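Open the model in your viewer and keep the selection tool at hand. The stops below go from one selection to the next.

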Amino acid sequence: MTPVRSAVVTLPGVPGPGDGDPGPGPAARGATGPGGGGPAARAVRLADLAREASGCTRCGLAGGRTQVVFGVGDPDAELMLVGEGPGEQEDLQGEPFVGRSGRLLDRLLAEELGLHRRHCYIANIVKCRPPGNRDPLPGEAAACRPFLDAQLELVDPAVIVTLGNVATRALLATTEGITRLRGRSYPFGTRTVVPTFHPAAVLRGGGEALAQMRADLVRAKARLVGAGR
Ligand code: URA
């Protein structure tokens, strides 16, 4: 049992499901995940996949990267966070959300879920930095999607928090904006997607956006407890 799996079922004062949508309900997760094999085997497969991604030239972003930013965290995490794509710092350091946005994300994860980033798995829609931090193009997101899908299958999180428009639209297959989509959770196969603002938008938007992101993370915490696995 990883810290996440034990932490999420013992957090005090956390409401269960009941914010208007039922969520996927309890789902037993045995020693072997859908990716096949236990946590150690899945960690090896993620490392293999990261190695494969490090040489990827499936889209034009490959030409501008310092390195591929594959993903980081607990291969057995119950909570996955999905952002948009690496920025400058992430491209340099090889880890998602290590710049200003990442520091806010780390703070909110600690304050609202009691979790350190090492207890979660963090990935992006595209693994290479888009020039000038522009949104990934649809073709870039599509080229990178098999990596994200494999990460989802291998980590097998109960709850996915999508950060901002790009990630939320990609996973929920919608063109609706984050302002309308956030504030509730969505079934995603056996998992639950909880959309929230991108932390960069919260840094720009101030108090109300921050309060809404906090509320979304509390919703994610309730979903983790509700998943009970
Ligand atoms: N913004 C993202 O969407 N992802 C990162 O990794 C960093 C900033």
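How do the residues of the shell around the ligand divide into nonpolar, polar and charged? There are three nonpolar, five polar and two charged residues. Here Ala, Val, Leu, Ile, Met, Phe, Trp, Tyr, Cys and Pro count as nonpolar, Asp, Glu, Lys and Arg as charged, and the others, Gly among them, as polar. To see the shell, select G83, E84, G85, P86, G87, E90, P96, F97, S101 and N124; a residue belongs if its C-beta atom, placed from the backbone, lies within 6 Å of the molecule.

Two notes on what you are viewing. Residues are numbered from 1 along each chain as its sequence is written. The model is predicted: local features need pLDDT of at least 70, side-chain atom pairs count only at pLDDT 80 or more, and totals for chains, interfaces and linings use all residues.

Next, switch to a cartoon view. The protein chain has nine helices and six strands, which are DSSP runs numbered from the N terminus (helices H or I, at least four residues; strands E, at least two). The six strands form an open, mixed sheet in the order β1-β3-β2-β4-β6-β5, where two strands pair if DSSP finds at least two bridges between them. At its edges are β1 (72–73) and β5 (186–188), each pairing on one side only.

Select β6, residues 191–196, together with β4, residues 159–163: they pair in the parallel sense over five bridges. V159 has T192 of β6 as its bridge partner, and T162 stands opposite P195. On the β5 side, the pairing with β6 is antiparallel, over three bridges, and Y186 is the bridge partner of V193. Two residues lie between the strands of this hairpin, and G189 takes a positive phi near 60°.

Now colour β6 by burial. Six of its six residues are buried, so β6 is largely enclosed by the rest of the structure; buried means that 20 or more other C-beta atoms, placed from the backbone, lie within 10 Å of the residue's own. R191, V193 and P195 cover one side, and T192, V194 and T196 the other.

Last, select α2 (residues 39–54) and α5 (residues 138–155), whose axes come within 10 Å and cross at roughly 170°. Axes are lines fitted to C-alpha atoms over the stretch in contact, with angles from 0 to 180 degrees between N-to-C directions. α2 is therefore roughly antiparallel to α5, a term for angles over 145 degrees. R42, R45, L46, L49 and A53 of α2 meet F147, A150, Q151 and L154 of α5; contact means C-beta atoms, placed from the backbone, within 7 Å.

Notes:
Parallel < 35°, antiparallel > 145°, perpendicular 65-115°, else oblique. Contact = placed C-beta atoms within 7 Å. Buried ≥ 20, exposed ≤ 12 C-beta atoms within 10 Å, placed from the backbone.
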